[in-house]
Every structure is written in structure tokens, then in C-alpha cells.
Amino acid sequence: MTELPGLGTAFWLQVKRDLQLAFRHVGQIANPLMFFIMVTTLFPLALNPMPRLLEAIAPGVVWVAALLASLLAAEGLFRQDVDDGTMEQLALSPQPLALMLLAKTTAHWLITGLPLVIMSPIVGYALFLPPEAIPTTMTALALATPILNLIGGAMAALTVGLRRGGGLLSLLILPIVMPVLIFGARATDMAMSGMDPGGALYLLAALMLLALSLTPFAMAAAMRISLD
Amino acid sequence: MWTWFHKLGSPPHFYRISARLTPWFAWAALVLILVGTYGGLYLAPADYQQLDGFRIIYVHVPSASLSLFVYVNMAIAAAVGLVWRIKLAHAVAAACAPIGASFTFLALATGSIWAKPMWGTWWVWDARLTSELVLLFLYFGYMALRAAIDDENRADRASALLAIIGVVNIPIIKYSVEWWNTLHQPATISKLGKPSMDFDMLVWLLVMLAGFICFFAAVLLTRVRAEVLVRSRGQKWLKQAVQET
Amino acid sequence: MEFLDFGKHTPYVLSSFSLTLVVLVANVLAARGKLSSRLTTLRRRIASEEKT
């Protein structure tokens, strides 16, 4: 009998596979990112594009937009694989489902979360976010987007395959990720006022570690419930 | 409270016992709530700062406490159902949700009514009201998920997992909202919470709280019986039980 | 109606207590209504099964 690949190998193979699949439809990758940029554009259009006003609301706008973009991305996380039967194979395989789903979420973050982090300086600049707040915002987003993807993944696993889904996924995700919004926006805000954002960043990091350690198991349990 | 339904895992047994228990809880609730209302409205001394307005506390705090208590109850029942695969526990969780949501709504409404004379606006982004609002969303999410899944078994287990995720997040949400609120609180606002209370104010609060808990028990038992009827389709004990009532 | 007078906060106190009453009564009615409608449906079904 051939030896089973180790956990690390299995993880990276899964990540690679998902990345390869995603890059076959490069256009779709850009959707959450475009959404992020468009939402941030909506606010100056809807309000007075005065620099002082925009600067005041910039932290809120950036963070709400990132949240909504990750909501959008969560929809498509597992749907394809469940539809074509790959997920069942994954659940039946000897590799731990939690690890495989974590791998999928990692690939997903690389495609939908990381671009938000990279785009944030440009978006921040457009909203007159002061340059000194940019590094903090990027760090905070780098910590927050994995949390958003992980929780999005858990809720997506719960609702995968439901026909009457609709806005259900958003309703499930939003209450749970509000702390992320609070700490993240606060970090940006503190950096803007020249204060040390350390407290907020540490809290975000703590949430990220908590999510990283617990959500894969929740995802796996939810997926098994949905596949039955 | 949640240990006894562990023993009462058998639906027919539960159905008969809860039918007999409900009137006790119902009458206890009625008496306690009436006594608490009278005491809170007429016997408790008026607050030095808030005058008679503070009396709203006698409905606001019990509602808010119950809204949280019911959610925790729901999550524990869900966990019991998920881990030990006891169907009745899932029925209890399902029955808890609408009751808890109504208490949350009541807490928000009474909190809002209290806010108007105190701070001049109907809504304030006070830490506790905001947390209550998020709790309402958690209840709605739970009920929406249940409604969206047709298969009873999958609905039970998926919503159970959701309830557990929610209950784990409640302390995190409460902490983050309080943290957020202490930074943004204008100087004039004092906490909408309980001031350190004299006993003659506190006693009526405890009476109302006890009354609300008995009320919850009575309504819950009724709803669980209704759930059991639907879930036990085709079982032999049903016919006799239905004809007995 | 002296006993319903709570100074300048009367409308607030009265409205919150009456709202509480409404919500509590609604809970009772909803729960009992659900139980009785399900009992009725079951009884009807049992009756029709016994006929066949």
C-alpha cells in the first residue's frame, strides 16, 4: 500500500490545487476586490467629497467595505466543490477534513483577502486617509481578513447547498465578525490620531489565533452535517 | 434546569410530565410578576436622580437577563442534542429561539423607552443596547437557518452548531462592544445599567427576574410539547397521549 | 387614576410596562396556539386513519 502523504504535504497540495483552479477563471478572482474598490467609491459619491469629511469617515468606510467584500467572497468558497462531488471525496479521504478545509480557506484568503490588504493603501489614499495610518491599516487588515475568511468559511459550510440561502449567509456572518470591525476600525482610527494602535492590533491578533485554532473544526463539523 | 431533560429524553415521558409541570410554572410566574410589578411601581422608593423613570428597570433588566439566559439554554440544549444525539434536546433548542428573540426585542424596546427621558434620544449606541441588538441578530440567524433547511435532522444539527458558535462569541462581542463604547462615550452619559441598589429597590427586581424565569419555563414546556407532537409522527404513544389531553 | 401617575416619566413607565405585558401575553398565546393547532391536526389525522 502506498504511504499516505503527511499532513503538511496534503495541506500544500490542497492549497496548490485550489489556487490552480481559481486561476483558470482569473476574472472571478477579481470580483471581491472590485467590490471593495467600488464600495469605497460609493461613499464619496453619496456624500460630500470634501477631504476633511472623507478623512473622518475613512476608517469606517475601509473596514465596512472589507467586511462586505469578504461576505461576497464567502458565498463561493465551497459551492463548486460540493456541487461536483469533490467535497464528499474530501470528507471520505483519510486526511483530516478540518485540515483540508483550512487549506481551502488559506487558498481563498490568498486570492480574496490578501488583495484587499495590498489594495488598502490606494483605497485609503483615495479617501484621504493620512499616510501615517496606512501601515497600521495594512497590518490590521492582514490580521482581520483571515478571520473574516475563516468565519465566512464556517458559515458557508453550514449553508452550502441550500437553495433558499439568499441573504442568509450574510445574516449569519455579520454578528460574529462585528468585533473584528470594531477593533480594526479602531486601530486605523488610533493610528490616524497619532496614538499607539498596539492594543487594538493585539486584540485582533488574539481573535485571529482563536479563529485559526477553532474554526477549521467548526467548518469540518458543519460540512459533515451539510453533506449527510 | 438542563439536567432534568437529560433524564427526560424519552418524548412520551416528557410530554406527560411537562403537561403536569406547566401549570405550576405558569401560576408561579403570574404571582411573581404581579407582585414584582406592584412592588417595583409602588413600593420601591424613587431614585434620587432618575425619579420614577428608573422603574423601567423592573422590566428592562429581567428581559435583558432572560434574553441571554434563553440563548445559553438554547446553546446547551443544542450541544446536548449534537453530542449525545438526543432528539428532544433539539426540540428544546428550537422552542427556545422565538421566546428568547421576543425577550431580546423587549429588552431593546424598554431600553429605548428608558433612554428617551434619560438622554433625550430614542436610540443610543450604548454598549449594552448595542450588544442586545447583536444578540437579536444571532437569534434571527438561528431561526433563519432552521427555516431554510427542509430536512429536520440537518436543520437540527446545523442550527445546533450555529448556536454553539454564537454562544462562544457572545462574551467576545460583549467585550468588544464595551471596549468600543468606553472610547466613544460622551461625558454626559452614565451607564444604563443598575446603579448600586438598595435592598428595597433590589428585592422587586429579583422577584420579577424569578417571575420571568418561571414564565419562560412554562412557555418553553408548552412549545416543546408542540414540537414533540410534530417530531413524533407515526409513533404509537402519540395516539393515547393526544386522546388524554 | 392617581396610581398611574409617575410624575413626568409617566408615559415612559406606562408604555414600557404595557409593552412588557403585550410581549408576555403574545408569547403565551403563540405557544398555546401552536400546541392546540397541532393537537387538532393530529386528532383529525387519527380520526381519519381509524375510519380506513
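Leaving aside neighbours within four places in sequence, which residues is Gly166(B) in contact with? I looked, and found Ala75(B), Leu138(B) and Tyr142(B). I count two residues as in contact if their C-beta atoms, placed from the backbone, lie within 7 Å.

A note on the ground rules before going on. This is a predicted model, where local features need pLDDT of at least 70 and side-chain atom pairs count only at pLDDT 80 or more, while totals for chains, interfaces and linings use all residues. Residues are numbered from 1 along each chain as its sequence is written, and chains are lettered from A and ligands numbered from 1 in the order in which they are written.

**Gly166(B)**

I placed Gly166(B) in helix H6 (residues 152-184) of chain B. My helices (H or I, at least four residues) and strands (E, at least two) are DSSP runs, numbered from the N terminus. The scale I used calls a residue buried if 20 or more other C-beta atoms lie within 10 Å of its own, exposed if 12 or fewer, and partly exposed in between, with C-beta atoms placed from the backbone. Its contact Leu138(B) is 28 residues away in sequence, yet the two C-alpha atoms are 6.7 Å apart.

**Chain B as a whole**

I counted eight helices and zero strands in chain B. Buried residues make up 48% of its 245 residues. Of the contacts in chain B with a separation of 6 or more, 80% join residues 24 or more positions apart. The C-alpha trace spans about 65 × 35 × 25 Å along its principal axes.

**Who touches whom**

Two pairs of chains are in contact, and chains B and C share the most contacts. Here 23 residues of chain C meet 28 residues of chain B. No contact joins chain A and chain C, and their closest C-alpha atoms lie 24 Å apart.

The contact of chains A and B takes 22 residues from chain A and 21 residues from chain B. On the chain A side, H8(A) gives the most, with 11 residues. That side has 17 nonpolar, two polar and three charged residues. For these classes, Ala, Val, Leu, Ile, Met, Phe, Trp, Tyr, Cys and Pro count as nonpolar, Asp, Glu, Lys and Arg as charged, and the others, Gly among them, as polar.

**A closer look at H8(A)**

Is H8(A) straight or bent? I found a bend of about 45° at Val177(A), with a proline, Pro179(A), following within four residues. The bend is the angle between axes fitted to the seven residues ending at a position and the seven starting there. 19 of the 25 residues of H8(A) are buried, so the helix is largely enclosed by the rest of the structure. Just after H8(A), Gly194(A) takes a positive phi of about 85°.

**The nonpolar core**

Last, I asked which of the 155 residues in the largest nonpolar core touch the most other members. They are Leu204(A), Ala222(A) and Leu161(B). Such a core is a set of buried Ala, Val, Leu, Ile, Met, Phe, Trp, Tyr and Cys residues joined through C-beta atoms within 7 Å. Beyond its neighbours within four places in sequence, Leu161(B) has contacts including Leu158(A), Ala222(A) and Leu82(B).
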